[in-house]
Amino acid sequence: MYMVRRSAYDGWVQSCQVNSLGWRYLDVAVVAANSGRAPSARKLHAFIDEAGVRSRSKSSSDHFVMTAVVVDDQDLPLAAQFLAQLRLDLGRRPGDTLHWVGLKKHDQRVHAAKTLGAQPWATISSVVACKRHLTNNITDSQFYLYTFRYLLERLSWLARDSRATLSYTLAHITRPQMTIGEVRQYETALRSMGTSIEWGALDPRGGRIEQPNRVEMLQCADLAASATFRAFELDQFGNTERRYLGELGPRLYRRGYGALTSYGLKLHPWDGSTKAAYPWVAAL
């Protein structure tokens with residue numbers, strides 16, 4: 001959806017895409033125009049975690065999910081307050097690291113997803129790899145990076161549209177471990193490829209890898225990734241749980257009239273086989 005806001009500055013008019021990041025950039029631009037100052041550069045932070053197993057063996061998970069929770073720099077204190085309250089709600093101690101796997105009860109998981117989905121400072125984008133529908137033969141590390149590429153494209157579009165610079169932090173990568181050197185090599189390779197990444201909207205220093213107990217916002221990414229994973233992955237009884245993802249729905253990245261599957265919930269591959277296997281996704 002696109003809307004127009006008019007300022008008192010000589011009939012100044014600017015069109016702005018409305019998303020979960022709201023009108024903040026536009027308001028800053030209006031103030032700057034009226035004062036003769038250039039608007040200050042916005043900073044966004046993407047915190048990225050995964051759910052499922054990268055391996056494509058017969059015994060591994062059928063899906064691999066990589067999720068980013070994006071927060072404006074000035075909203076980081078609100079995000080910290082959210083985590084502090086969520087720990088209190090769940091009976092955890094202040095400073096405890098929250099992990100989805102540590103939430104054993106359904107009602108705890110619903111509460112975590114629902115409260116995160118109600119936070120106006122959060123924008124969530126996920127890439128879901130449907131491994132049994134993929135036909136290409138690549139290594140586990142290449143598979144991880146291929147999924148990461150799709151997510152990075154979407155994060156760069158969000159930053160571009162928000163007139164911001166986005167930095168990103170990956171949760172510590174295991175199974176097998178991936179180093180920051182490998183991430184740097186892939187970033188360099190992507191720059192030389194024909195991708196849709198808007199590099200000008202990303203921090204030129206590249207991403208970093210951290211632990212959720214050191215960068216607590218990665219805990220939000222853990223919750224969002226796992227909530228999304230459970231909507232696709234069958235449990236031991238052959239059931240999925242889509243409610244968790246549904247509770248996150250208000251915070252999923254939507255761009256204008258574009259399909260959610262292009263922005264906030266990208267499936268790959270997205271073809272006839274996956275559209276038939278997951279018909280409910282298109283209706284989100």
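Biologist: Where is P269 found?

Modeller: P269 is found in the loop between strand 8 and helix 8 (272-277); helices (H or I, at least four residues) and strands (E, at least two) are DSSP runs, numbered from the N terminus. This is a predicted model, in which local features need pLDDT of at least 70, side-chain atom pairs count only at pLDDT 80 or more, and totals for chains, interfaces and linings use all residues. Residues are numbered from 1 along each chain as its sequence is written, and side-chain values use heavy atoms, with hydrogens and water left out.

Biologist: What makes the peptide bond from H268 to P269 cis?

Modeller: Omega of the bond from H268 to P269 is near 0°.

Biologist: Why is R163 called partly exposed?

Modeller: Its relative accessible area is 45%, which lies between the limits for buried (under 20%) and exposed (over 50%), with a 1.4 Å probe and protein chains only. R163 sits in the loop between helix 4 (140-161) and strand 6, and its phi is near 55°, a positive value in a residue other than glycine.

Biologist: How do you know that K266 has no salt bridge?

Modeller: A salt bridge requires a side-chain nitrogen of Lys or Arg within 4 Å of a carboxyl oxygen of Asp or Glu. For K266, which is buried, the nearest side chain of opposite charge, E153, is 7.1 Å away, so no salt bridge is assigned.

Biologist: Which residues does K266 touch, not counting those up to four places away in sequence?

Modeller: K266, in strand 8 (residues 265-268), touches S126, V127, V128, Y150, R154 and T261, where contact means heavy atoms within 4.5 Å.

Technical notes: Lys, Arg positive; Asp, Glu negative; His and termini not counted.
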